[in-house]
Each structure stands twice: as C-alpha cells, then as structure tokens.
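Thanks for coming, everyone. Please look at the structure on the screen while I talk.

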Amino acid sequence: MERREFNKMLALGLAAGLSLPTLTRGARAANFDYDVPRFGNVHLMHMTDAHAQLQPIFYREPQVNIGVHGARNRAPHLIGQALLDAYGLSAGTRESHAFTYLDFIESSQRFGKVGGFAHLSTLVKRVKANRPGAVLLDGGDLWQGSATSLWTNGQDMVDASKLLGIDVMTGHWEFTLGADRVQEIIENDLDGHIDFIAHNVKDFDFGDPVFASHTVKEINGVPVAIIGQAFPYTPIANPSYFTDGWTFGIQERELQLKIDEVRAAGAQVVVLLSHNGADTDIKLASRITGLDAIMGGHTHDAIPKAMEVKNPAGMTLVTNAGSNGKFLGVLDFDVRNGKIKDWSYKLLPVFADLLPADPDMSALIEKIRAPYQSRLSEVLATTDDLLYRRGNFNGSFDQLICDALIDELGADVSLSPGFRWGTSLLPGDEITMEDLMSQVAITYPSVTLSEMKGDFLKVILEDVADNLFNPDPYYQQGGDMVRVGGLDYAISPLAGAGQRISDMALSGKAIDPSRTYKVAGWASMQPAEGEPIWDVVARWLRDQGTIRAVPLKEPVIKGLSGNKGVA
Amino acid sequence: MNHSIQSAGMARRNFLRLGAFVAATAMLPAKLLAAMVRPADAFTATGLDSTFAQIGGIPELHDGIIFSTPDIAENGAVVPVKVEIDGNKLPKVDKIYVMVEKNPNPLSAMFNVPAGTKPYVETRVKVAQTCNLYAVVDVDGKLYMAAKETKVTLGGCGG
C-alpha cells in the first residue's frame, strides 16, 4: 500500500519534471522495505544513543572495533566485510551503508542522510500502525550531543521525545545536566508521559533508590515489565560532581532480585532497558536468569540481529540499536497462556529520503532551532577530507580537535576523550558551528594545559586502554581510546593492564619518562577553569579556512592477526 | 515520587547524625573492649601473606561468603563493601575481616560476630590501586575467604 503510494508519487514527480538526481534516489526506494508485518502480540520499539541529533545526519560506523578474548570475532566486534559476511548482507546495498563504513563517501552521496526525528517519527508511526499497544523504549543518551540540547539545557530533546511518543527511558549523559536538572525534568516534563527508570542508581549513604526501578506495561493483555539499567559507570566516565551522593554500578545481584520480584508479581515478559554497552549486556545475559531480552545501548553498536545468549535457566535475547537516531529496533513476542512461544527482531535503518518528514515533528524542530539559527549556521571552514569520529582510535574530526589544541594552547601533546558520539561530514562540506558542537557539546567543556611527566602520560594511555581492552567487560567503560595529538605510540590490546602501550614518541623522538611535557586537553573530570573547547576549535578552524587531508595519529596495533574488528 | 524517596533519605541521615553524637558519648567501654581484642599486628602487617599469617593462615575459598564490591570504584577513598553469609553453607561465623591486597596495610576492618547474631556487614574501605579485595571469615579458628577485584581508574573518556 505505502509502496504503491510511493510509486504513485514517483510518477507524479516525473510528470512535474523533478530533477534527475532526485529521481535516481527515489527509484532506489524499492531497495529497502519498511513494511514490517505484525508478529505476535507484545511489541517493543527501541532506540538508543540519539545524542540529541534532531536533524538527519551522516554517521560513519567504525573501521576499527576490536574485540578481545571472549569478544573476539563476534558481534559487535565485526567490521566492514566481516559484518556483511556474518549477517548475509551484500556490499553496495542500503544495509551495507547503514551497518558498515564501507564506501562511506560514495554510499552517503547515493543514499543520503540518516536519522532525523521527523523521519524517525514517521517510521515509529508506521511500525505502530499495525502494532496496537506497541511501546517505544529509549536507552538513554537522548538529551545530550548537539548545540541546541546544550543551549536549552536538554529541553529541546525532552519536548521532541514526548512528541515522538517515547514511553520509557533510562539515562547516562542525561546526568551531566546535573542531578537537580534531571529531577526537575522528570517531575515537570516526563510525569505522566515518559517513565524514567534505573534500578541501579542509589543514594550512596543508605542505598535508597533515586529513580523508579521498573515499569509494567500491559500490552494486549500481557503484563510486560521493563527494568531500567542506567550507565553503571556514569560517575567514573563523567565528572562525579554532577551526581553527587548517588552511586551506580552494574548491581547484578540486585537486578536478579528485581527480576524475581516482577516475575512473582505476574510479569509474563521481562526486559532490561540497558545502557551497559554491548559486551556487558552479553556477559550479564549469560549470568542472570529470567530476563527475556536486554535491549541495550551505550557502545553505539548497530547489531543487525538479536543475539541468543544462554544462561543457567534458559536464554536471553540481546539487542543493540546503534546511535544518533539512525536505527529503530522492533522486537515482537508471541505470548500465549503466559509463555513466550516465539519472537522476531528487526533493526531498521532510518533513511531520511525514504521516510517523509512528519509535519508536526518538523514544525517542533523548526521552532526549537529558530532562536539559534544564525549561530548554528555560521560556516567555520570547509573540508576536503572526510570527517568522522567513531572507531577505537583517532577519527579525523578528533584529529582536528587535537591539532587545534596543540596550536592554540602551545602544547607538545594533546588528548581528547574517546567519545563515540559525533556525526560525520563528507568531502566538500562546510563545517558549521552546529557541526562542531555535535563533536563537543558537553557541560564540562573547559580546555586545560598541564605539565606532565612522560611516565604519567603513559599511565593515562594505559588506564584508558584497560577501560577498552580489559578481558572482562564488567571492567570496561565503553568509550574508545583517548585521542592524541602530536604523539605516536604502539598498542598491544591483548597484553595485560599496564603493559599495552609502547614506543611513545614525539616527532620521532622517544618520550622521556622523566621529562616534563605540556599536555593540552578538555573535558576534565575535576572542575576546571578554561575557555570552552568550541571557542578554541572554532577559532582554529576559521584560521584554517580549508581543511585539506587530515593525517591521523593512529597507533601501531600489535598482536591482533586474524581479528575481524580491524581491517 | 522520586522526590519523596530523596526526602526520606535526607531525613534519615539527619536523624542518624544526631544519633551518632549520642552513641559516641555512650560508647567508651565498648571502645576499650575493642582495643583489647583488636589484633594490632594484623592491622599493621604489610603484604597480604603476612596479614594472613597474623590472623592464623591462608584461608580456603568458600562459596558461602557473598562478597560485594564495585567492579570499578567510583571513588577509591570510599569504596563500599558488603559481606553476607549464606547460613545454609556457613551456619556459624565468629569473625569477619575485610582486606585490600595492595594497600600498604591490607587489613582494613575486623568485626566480631557474637553468637546468635546474623553475620552481615557493610562498610567503606580505601582502595589505593586496582587489586583484589578479600572477605575472610573465622569459623572456630578455621579461615575461609571470598575474593573480588576492584579497579581504580583515572576515569573520563566514557561513551
């Protein structure tokens, strides 16, 4: 039906004399099928890590996403062709473009931008249309990541997520707005609209819960319990002063008790809405019983199919739904007489040119952006190279940030956090203030210049490397490796803690452990005084005018032959 | 709803602060008693092996001890630890020790469990660097333990 309508529109377009490029793009519409027939009677839609991207964007999936030990060569640590092979997908297709970095520039030009809340809204409405009672879950990192979310203190995303129809959410970057602001939003805006749930956030002194732990939704007569798992390491990965007095953690035992409690109270389906990160979700699923699914986020992994993870009492599905509004997960259960008989899962990419913008959402986004339009659209520079962030090591946009820090602060070395959010720009694109803010919009943006001994620089790199490559995912934090400017090094991901980093050098000269270096950075864990990172990088970009090729400071990777997480 | 949960926590904290003052003045005899049974040599021992030696030997691993510590410490200066005992597997416990392997003095705490008391303790310990933490129990002079690693990290760079 919808496809027929689309073809009709196409015919009309022909008659109206639409330009040829639009037509070619339209003709490819048939290559992706958004008709997802109803299955079963319990319907959950899942999005996660939108990072406040209200507008359609480009987002390049990682070219390096190394899995070590138990995570080696299994999802989500499969990149490019290895991912296509594992899931039976073909190169050159829309799926290939959605799930991999392959031919990113050419595919982006062919298939256009992805995500955008107006387009996502249309998809949500379509999926809902043949799924009465469907519930929309958001895994967190919804209120942070853009200029407007920072400038409105998260209000733009709160308003957009209510209009989108999100029913339940949990959090991570939300907390960097500060505990008071989070509580204010929950009380003033979410009450009666969105359940904010997190079983693993407690008062540090007494262990009292800060948020509701779970919510029960009756979907077509079936009681479904959704338990919230906020990012367990929020006060470690982000400044702890934002959540003073709260303690987080995975809290496995408490989770098991909660699952047993909601089962005893009559829940027939139990789902964990998680911001753990994929590897932690997979480990948790193998140890906890009574969970039907973990719908996860945090590590921004778009896993095309649900993973079936065995545990001592059965099986738990694990899904992870990508980031930046690029995907919508749809999980259906067929529940009969209180038991799950069958299930179905699809992860749908949101191609903006195939999903017409929802007019109400478009109007809201326009209203949100209007007061900021001139700031957002300021052109800082143009780029000849592809700019992106995601990947275990330096992305080209981070390289610009690192290079800007060295030039502007007069540093020997610069460090930039291994965030996984941050959108992509194609060669020839203008770099606007909005694009820059999509890499740096945080509530602790001050730049710092410190004197640091060579051996401490190694301690920092080792510390972050262990947060990425610890054999046990419960000891990982889910960020990528710290980005570096000026510095060359080698890394052995399989080595033990403190043993992974070697060959550190500055302009070909070995780093001296006892020499003092000037190190620039931003996003400090302690309160810091300094210019916000966006002012520093904006000034540098204006000076550059045009960004030509961006040579990456990528480490030499050792000891990983045959690893399908690196090309 | 969340607000009221917060308020209840605050009220309780203020109440306990008041209580702490009363308790401090009433506890002198208990403090003297504690000094008598406090194994000073165990608390000042350096290194895990000599700490074990001071309390009577190397404990055996036992799954009746349920030992909770954070996988990654939020603040190494105040790391919450919890020791619970599965009464079916360990019906009687006389003492509970908490040790931090790589601290200058590994023994952080010792609790006497009077007969008829449910063995359950929660406390905060300092953890100087990533290492194993141990919960050790004494049952009629026989020692059992559970171990768990807690990581101490510089933080940052997440997600």
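This is a predicted model: local features need pLDDT of at least 70, side-chain atom pairs count only at pLDDT 80 or more; totals for chains, interfaces and linings use all residues.

Now the geometry. Helix 16 of chain A covers residues 433-440, and helix 18 of chain A covers 533-544. They pack at an angle of about 135°. Their axes are 10 Å apart.

Next, helix 9 of chain A. Which of its residues are buried? Val182(A), Ile185(A) and Ile186(A). Down the helix axis, these buried residues fall within an arc of 95°, so they line one face of helix 9. Here is the background. An α-helix has 3.6 residues a turn, so residues three or four places apart point the same way. On the other side of helix 9 of chain A, the exposed residues include Asp180(A), Glu187(A) and Asn188(A). After helix 9 of chain A comes Gly192(A), with a positive phi near 85°.

Last, the two chains. 41 residues of chain A are in contact with 23 residues of chain B. Helix 9, helix 10 and helix 17 of chain A each give two or more residues to that side. Helix 17 of chain A gives the largest share, four residues. By class, the chain A side has 22 nonpolar, twelve polar and seven charged residues.

Notes. Residues are numbered from 1 along each chain as its sequence is written. Chains are lettered from A and ligands numbered from 1 in the order in which they are written. Two residues are in contact if their C-beta atoms, placed from the backbone, lie within 7 Å. Ala, Val, Leu, Ile, Met, Phe, Trp, Tyr, Cys and Pro count as nonpolar, Asp, Glu, Lys and Arg as charged, and the others, Gly among them, as polar. Axes are lines fitted to C-alpha atoms, for helices over the stretch in contact, and angles run from 0 to 180 degrees between N-to-C directions. A residue is buried if 20 or more other C-beta atoms lie within 10 Å of its own, exposed if 12 or fewer, and partly exposed in between; C-beta atoms are placed from the backbone. The arc is that of the directions from the helix axis to the C-beta atoms.
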